[in-house]
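Open the model in your viewer and keep the sequence panel beside it. The tour goes from one selection to the next.

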Amino acid sequence: MEIHYDRSTGKPTSPDEGDDLLQCRMTILGLDSGAIERDYGEAFEKIKRRCSSCSDRVPCAVDLKRYPKNLMWEAYCPNSGALNALVALTEAIH
């Protein structure tokens, strides 16, 4: 995923940017967004809404580009608890 930093408003530069950041983070965490959406639709919708309205989009994009495996994102991401819970859940199932 290529991330562009055209504007640093903390808001998506396009409607899909929030989904791109979330998709990238989920991929790094080993989560299949399609499976999560299918199996945990309501939770996934909440995660998507929080991501798209997050004020830390620029640090998130920078971290995803420069330091994708660094756990610093957990300190500012409003979805860190939910995403880590989904990782634990999917690991327990498989």
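Predicted model: local features only at pLDDT ≥ 70, side-chain atom pairs only at ≥ 80, totals over all residues.

**Stop 1: Asp63**

Select residues 57–66, which form helix 4, and pick out Asp63 within that helix. Is Asp63 buried or exposed? Asp63 is buried, and it has no salt bridge.

Next, show the side chain of Tyr76. Its partner in a polar contact of 2.5 Å is the side chain of Asp63. Then select the rest of the surroundings. Setting aside neighbours within four places in sequence, the residues in contact with Asp63 are Arg25, Pro68, Met72, Trp73 and Tyr76.

**Stop 2: Pro59**

Stay on helix 4 and move to Pro59, which also belongs to that helix. Its relative accessibility is 34%. Buried would require under 20% and exposed over 50%, so Pro59 counts as partly exposed.

Pro59 and Trp73 are 14 residues apart along the chain, and 8.2 Å separates their C-alpha atoms.

**Stop 3: the largest cavity**

How many cavities of 30 Å³ or more does the structure hold? There are two. The largest cavity has about 130 Å³ of space. It is lined by 15 residues; to find its centre, select Cys51, Cys60, Cys77, Pro78 and Asn79, the closest of them to that point.

Colour the helices to see where the lining comes from. Two or more lining residues come from each of helix 1 (17–28), helix 3 (41–52), helix 4 and helix 5 (73–76). Helix 1 has the largest share, with three residues.

**Stop 4: the largest pocket**

Finish with the largest pocket, which holds about 160 Å³ of space. Select its lining: Gly30, Leu31, Asp32, Ala35, Ile36, Arg38, Asp39, Tyr40, Thr90, Ile93 and His94. Which helices each supply at least two residues of this lining? They are helix 2 (33–39) and helix 6 (80–93). Helix 2 gives the most, with four residues.

Methods
Residues numbered from 1 in each chain as written. Heavy atoms only, no water. Buried < 20%, exposed > 50% of the residue type's maximum accessible area, 1.4 Å probe, protein only. Lys, Arg positive; Asp, Glu negative; His and termini not counted. Salt bridge = Lys/Arg side-chain N within 4 Å of Asp/Glu carboxyl O. Polar contact = N/O pair within 3.5 Å; in protein donor to acceptor, adjacent residues only side chain to side chain. Contact = heavy atoms within 4.5 Å. 1 Å grid on protein atoms, 1.4 Å probe; cavity = no way out; pocket = protein on both sides within 12 Å on 5 of 7 lines; lining within 4 Å. Points joined across faces, edges and corners; volume = space filled by probe spheres on them.
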